[in-house]
Amino acid sequence: MTEIKASMAGSVWKVVAGEGDSVTNGQDIVILESMKMEIPIPAEAEGTIKELKVGEGDFVNEGDVIAIIE
């Protein structure tokens, strides 16, 4: 299992992939909004999203787990 973590604090602007979706390394999972910039958070491994821990509008801090890929 691979944990995908937020690279910086911000609000979840858009969820691009959901639980059960197959993703490839580098594919965007969510897009954060911070200081009026959009920051894509990509998958760091190939697999299936087992659990998505955030929803649109949620606030995350740097290092928070966004998703688990298996």
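This is a predicted model: local features need pLDDT of at least 70, side-chain atom pairs count only at pLDDT 80 or more; totals for chains, interfaces and linings use all residues.
Q: How many helices and strands does the protein chain have?
A: Helices (H or I, at least four residues) and strands (E, at least two) are DSSP runs, numbered from the N terminus. Here there are zero helices and eight strands. The order of elements from the N terminus is β-β-β-β-β-β-β-β.

Q: How do I read the pairing of strands in a sheet, and in what order do they lie here?
A: Strands of a sheet pair through backbone hydrogen bonds, either parallel or antiparallel. Two strands count as paired if DSSP finds at least two bridges between them. In this model four strands form an open sheet, ordered S5-S4-S2-S7, with antiparallel pairing. S5 and strand S7 (59–60) are the edge strands, each pairing on one side only.

Q: How many bridges join S4 to S5?
A: Six bridges join them, and the two strands run antiparallel.

Q: What is the radius of gyration of the protein chain, and what would a compact globule have?
A: The radius is taken over C-alpha atoms; the globule rule is 2.2 Å times the number of residues to the power 0.38. For 70 residues, a compact globule would come near 11 Å, and the protein chain agrees with 11 Å. The C-alpha trace spans about 30 × 15 × 15 Å along its principal axes.

Q: What share of the protein chain is buried?
A: Buried means under 20% relative accessible area, exposed over 50%, partly exposed in between (1.4 Å probe, protein chains only). Buried residues make up 34% of the 70 residues.

Q: Which residues have the most contacts inside the largest nonpolar core?
A: A nonpolar core is a set of buried Ala, Val, Leu, Ile, Met, Phe, Trp, Tyr and Cys residues joined through side-chain atoms within 4.5 Å. The largest has 18 residues, and Ile-29, Val-30 and Leu-32 have the most contacts inside it. Strands S4 (28–34), S5 (37–42), S6 (47–52) and S8 (65–69) each supply at least two residues of this core.

Q: What does Val-30 contact beyond its neighbours in sequence?
A: Contact means heavy atoms within 4.5 Å. Leaving aside neighbours within four places in sequence, Val-30 contacts residues including Val-12, Val-16, Ile-39, Ile-41, Val-54 and Ile-66.

Q: Is Ser-34 buried or exposed?
A: Ser-34 is buried, at 10% relative accessible area. This residue is found in strand S4. A polar atom of the Ser-34 side chain lies 3.1 Å from the backbone oxygen of Ala-9.

Q: How many salt bridges does the whole structure have?
A: Side chains of opposite charge can pair when their charged atoms come close. The criterion is a side-chain nitrogen of Lys or Arg within 4 Å of a carboxyl oxygen of Asp or Glu. The search finds two. Glu-3 and Lys-5 meet at 3.8 Å, N to O. Lys-53 and Glu-51 meet at 3.3 Å, N to O.

Q: Where do these side chains fall on the accessibility scale?
A: Glu-3 is partly exposed at 42%, and Lys-5 is partly exposed at 40%. Lys-53 is partly exposed at 41%, and Glu-51 is partly exposed at 33%.

Terms used
Residues are numbered from 1 along each chain as its sequence is written. Side-chain values use heavy atoms; hydrogens and water are left out. A polar contact is a pair of N or O atoms within 3.5 Å; within protein, one must be able to donate a hydrogen and the other to accept it, and residues adjacent in sequence count only if both atoms are side-chain atoms.
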